[in-house]
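Here's a quick tour of the fold you have on screen. Have a look at it, and then we'll go through some of the packing piece by piece.

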Amino acid sequence: LRTAGQQLSLATTGLLLALAGCDSGFGQATARHLDAMGFRVFASVLDVQSPGAQELRRSCSPRLTLLQMDLTKPEDIQRVLQHIQAHTNSTGLWGLVNNAGFNDIIADAELSPLGNFRTCMEVNFFGSLELTKGLLPLLRSAGGRIVTVSSPAGDLPFPCLAAYGTSKAALSLLMDTFRCELQPWGIKVSIVLPGYYKTGTCDPAFWNLQKQQLVASLPRELLQAYGEEYVEEINRQFTQFMKVAAEDLSAVVNSITDGLLAANPAVRYYPGQGLGLMYFIHHYLPYFVRDSFLKGFFINPKLPRALREEQHNDKKKA
């Protein structure tokens, strides 16, 4: 972490920070870290009675305030905005961390319900947009910071992550636009693009249930074209991939903290192993190399059933 002493006194406990998505994972770890550093933190959670919220109550000081917020509900966002405004009107808000994220399906874009695309956009894009716009007056008055956790899936076409990746692509572009537009106000904007870490979405039982619900909901002709075994194989590979996810979240927490406190924060942070190679391949090598790399790294779907049958018929004719 680069020193922030040139700009901030870390002995000062009056700086106010708002963090969205603190039920688990990066948000929860960052909230604990910033609270331990002495900052006043407004931490939003989906459920104030959840195990993650209870853990924050146990491990953090009375400075930390837990706020219930569902980013798909404008009334929740407005209630949180009003609470933060009431407590920061005289001081302004130093930092906003957009961390809340959503994805509940691993499948091709054609197999993914439109509702999944909409929910990903509501949480990952529109919710963060509404929260950020609502807090900008307070951030402007403090000349503060915005740090947003996006994803490499918003830059690269990861197999079977179309809904999630599309929403993160929109989020990254939005924050890059805010970075340009808010420079005259003295607000610095950073994006964090983590590698794969074990967060609250790594439970195999959850993904198995999602797979079963997807298969049950697919139109008969579409399921016949791809085959249930195709969806099974995708989810089997994803479950295997989850096992190698990093457990130590400190690199991401340090990146978020640096974006909030460093005198000259980076525009983009890439915490996680292998991201340098991934982006090098993406920017400098042919598309087929990038696509093959992503399949080898993440998920490499087998041929859908209809294409396998075509190949089999062609062989018989030959």
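## A walk through the fold

Setting aside neighbours within four places in sequence, Gly259 touches Arg145, Val147, Ser190, Pro265 and Tyr269. This glycine sits in helix H9, which spans residues 250–261. With a relative accessibility of 1%, Gly259 is under the 20% cut-off and therefore counts as buried. Its C-alpha atom is 8.6 Å from that of Val192, a residue 67 positions away along the chain.

Keep in mind that this is a predicted model. The mean pLDDT for the chain is 91, and 93% of the residues score at least 70.

Seven strands make up an open sheet with parallel pairing, in the order E3-E2-E1-E4-E5-E6-E7. At the edges you'll find E3 (65–68) and E7 (268–269), each of which pairs on one side only. Strand E1 (residues 16–20) runs parallel to E2 (residues 40–45), and four bridges join the two. Ala18 stands opposite Phe42 of E2, while Leu16 has Arg40 in E2 as its bridge partner. E2 is mostly covered, with five of its six residues buried.

Helices lie against these strands. H1 (residues 25–36) lies across E1, E2 and E5 (145–149), and runs at about 165° to E1. H3 (residues 74–88) also packs on the sheet, where it touches E1, E2 and E3; its direction makes about 155° with that of E3.

So which residues does Thr88 contact, leaving aside its neighbours within four places in sequence? They are Leu16, Phe42, Leu93 and Leu138. Thr88 belongs to helix H3, and its relative accessibility of 0% is why this threonine counts as buried. Two of those partners have already come up: Leu16 as the bridge partner of Arg40, and Phe42 as the residue opposite Ala18.

Next, the helix pairs. Two packed helices are described by the angle between their axes and the distance between the axes. Here are two pairs side by side.

| Helix pair | Angle | Axis distance | Handedness |
|---|---|---|---|
| H3 and H4 (residues 114–142) | about 20° | 10 Å | right-handed |
| H10 (residues 275–284) and H11 (residues 287–297) | roughly 150° | within 8 Å | left-handed |

At about 20°, H3 is roughly parallel to H4. On the H3 side, the residues that meet H4 are Pro74, Ile77, Gln78, Leu81, Ile84, Gln85 and Thr88. Facing them in H4 are Gly127, Glu130, Leu131, Gly134, Leu135 and Leu138.

Conventions: Residues are numbered from 1 along each chain as its sequence is written. This is a predicted model: local features need pLDDT of at least 70, side-chain atom pairs count only at pLDDT 80 or more; totals for chains, interfaces and linings use all residues. Side-chain values use heavy atoms; hydrogens and water are left out. Two strands pair if DSSP finds at least two bridges between them. Contact means heavy atoms within 4.5 Å. Axes are lines fitted to C-alpha atoms, for helices over the stretch in contact, and angles run from 0 to 180 degrees between N-to-C directions. Buried means under 20% relative accessible area, exposed over 50%, partly exposed in between (1.4 Å probe, protein chains only). pLDDT is the predictor's confidence in each residue, from 0 to 100. A crossing is left-handed if the near helix is turned anticlockwise from the far one by less than a right angle, and right-handed if clockwise. Angles under 35 degrees count as roughly parallel, over 145 as roughly antiparallel, 65 to 115 as roughly perpendicular and the rest as oblique.
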